Amino acid sequence: MTVQPRPNALSESYWMPFTAARAFREAPMMFVGAEGMHYLESGGRRVLDGMAGLWCVNAGHGHPRITEAIRTAAGQLDFVSSFRMGHPGAFAFAERLTAAAPEGLDHVFFSNSGSEAVDSALKIARAYYRVRGEGGRTKLVGRAKSYHGVGFGGLSVGGIGRHKRDFGPLLPDVYHLPLPYDPARMGFPNGRPAVGADYAESLEALLAVQDPSTVAAVIVEPVTGSGGVYPPPQGYLERLREICTKHGILLIFDEVITGFGRLGTCFASQAFGVTPDLIACAKGLTNGAVPMGATLVSAGIYEAFMAGPPEAVQLFHGYTYSGHPLACAAGLAALEAYEQEGIFANAAAMAEPFAQALHALRDAPHVVDIRTIGILGAIELAPRGGTRGPAVADRCFAAGVLVRAAGDMLVLSPPLILAPAEIDRIAQTIRDALLAEA
Ligand SMILES: Cc1ncc(COP(=O)(O)O)c(C=O)c1O
């Protein structure tokens, strides 16, 4: 049978993720190209990308080194299974990536997305206790407002109610810590709030109820990202680390957004000086150019698995495309670009101008809170049933700047190659849009 393509370019054949599909077709936002800080529309208009795609294109769009690496890899080895087979690129990338990771996270398990990196971390955590003869440690602890992707594991530990509502029952024996944020005490933070480390005590309180010897892992985003950019209070992550260590519980950082330079260091763990036992990452791992996720694990965890007989499979887990040749090539090229072009250093240098420009919007109409850290920002607007954020974002888009609305909130995460002029344009466009909404 010959399948005829339907003539409509916006065919309903495509079921778009996390999208109001009917509204999209009324006012489609479509791009045909991208370069550096900009997307390109079919009519030729350039749109300044205030979101690095979706928190991922850290070195800017269409990076020539990464594009070339993918092209070369595709011409050389299109695919090889990573189940009992390999290719040199996967080993080279693993070595390069673990060298960039916090000290002690010496091993990496590859997947294809942030969701898979998180689910891999949760499964490794549970399996780790099994191989150590502590199979009773199965409970998982997440946190309110956290986003850990859409797999059943990540959804279960995630803390955004709307995402979970339609899909239960989720994993049992999952508990949540409160979001370590109170606008009355910490409002308008630029960086880590000075108060709020005490929120970590909620973990001790939970463990006083849930026998700690039944808990496998605590997972948090070091900076809550898509839930609204909440920087961690000073001392909070340090205290979580202490409590986990005290009770022999694994600490997992979900660095899918914070990884690869958002805070001016490769990982947020390095910026905060707190080392977890596992890190889930994705997005900037390949600069968004090829789907890939990675779960970094400590030497102690890895070695526990490797202690068994040499002929035994250590972990019954993996994906057809784990360590895909194109993804490894893109990842290696991305790490080289980040390093050789000083992209993390630029993020560090631009963090304060970025924060100042956003915080200057404090007096703009509807603004009730502004939170910034590194090249991440959220502007919380007076609630209007979730419609104010999209209305303001639409106005920004009409003015040629892409920002993301999350309910009555705008979130920002531009590529890390940004310059002061682009920061000013983003902030001015948001101000104009807020004024127009008044
Ligand atoms: C912190 C965090 N974890 C996990 C994910 C899921 O990643 P993916 O959409 O690649 O599955 C995301 C995506 O935005 C994220 O922000």
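Is Thr224 buried or exposed in this predicted model? Thr224 counts as buried, at 0% relative accessibility, where buried means under 20% relative accessible area, exposed over 50% and partly exposed in between (1.4 Å probe, protein chains only). Residues are numbered from 1 along each chain as its sequence is written, and side-chain values use heavy atoms, with hydrogens and water left out. The model is predicted, and local features need pLDDT of at least 70 while side-chain atom pairs count only at pLDDT 80 or more; totals for chains, interfaces and linings use all residues.

Thr224 is found in the loop between β7 (215–220) and α10 (236–247); helices (H or I, at least four residues) and strands (E, at least two) are DSSP runs, numbered from the N terminus. Not counting residues up to four places away in sequence, Thr224 touches Arg143, Lys145, Leu179, Val229 and Tyr230, with contact meaning heavy atoms within 4.5 Å. With one of these residues, Arg143, Thr224 makes a polar contact from side chain to side chain at 3.1 Å. A polar contact is a pair of N or O atoms within 3.5 Å; within protein, one must be able to donate a hydrogen and the other to accept it, and residues adjacent in sequence count only if both atoms are side-chain atoms.

Arg371 counts as buried, at 1% relative accessibility. The side chain of Arg371 reaches the backbone oxygen of Val229 at 3.0 Å, and it makes a polar contact with the side chain of Asp369, also given as 3.0 Å. Arg371 and Gly191 are 180 residues apart in sequence, yet their C-alpha atoms are 7.7 Å apart in space.

Next comes the ligand. Its surroundings include Ser113, Gly114, Ser115, Tyr147, His148 and Lys283, a residue being near a molecule or strand if one of its heavy atoms lies within 4 Å of it. The shell divides into 3 nonpolar, 5 polar and 3 charged residues; Ala, Val, Leu, Ile, Met, Phe, Trp, Tyr, Cys and Pro count as nonpolar, Asp, Glu, Lys and Arg as charged, and the others, Gly among them, as polar. An oxygen atom of the ligand is 2.6 Å from an N or O atom in the side chain of Ser115, and an oxygen atom of the ligand is 2.8 Å from a polar backbone atom of Gly114. A nitrogen atom of the ligand lies 3.3 Å from a polar backbone atom of Tyr147. On its own the ligand has 390 Å² of accessible area, of which the protein covers 83% (Shrake-Rupley method with a 1.4 Å probe; for residues, only the protein chains shown count as cover).

Ser115 itself lies in helix α5 (residues 114–131) and is buried, with a relative accessible area of 17%. A polar atom of the Ser115 side chain is 3.0 Å from the backbone nitrogen of Val150.

In helix α15 (residues 388–398), the buried residues are Arg388, Gly389, Ala391, Val392, Ala393, Cys396 and Phe397. These residues pack against elements including β3 (46–49), β12 (376–381) and α16 (420–437). After α15 comes Gly400, whose phi is positive, near 90°.
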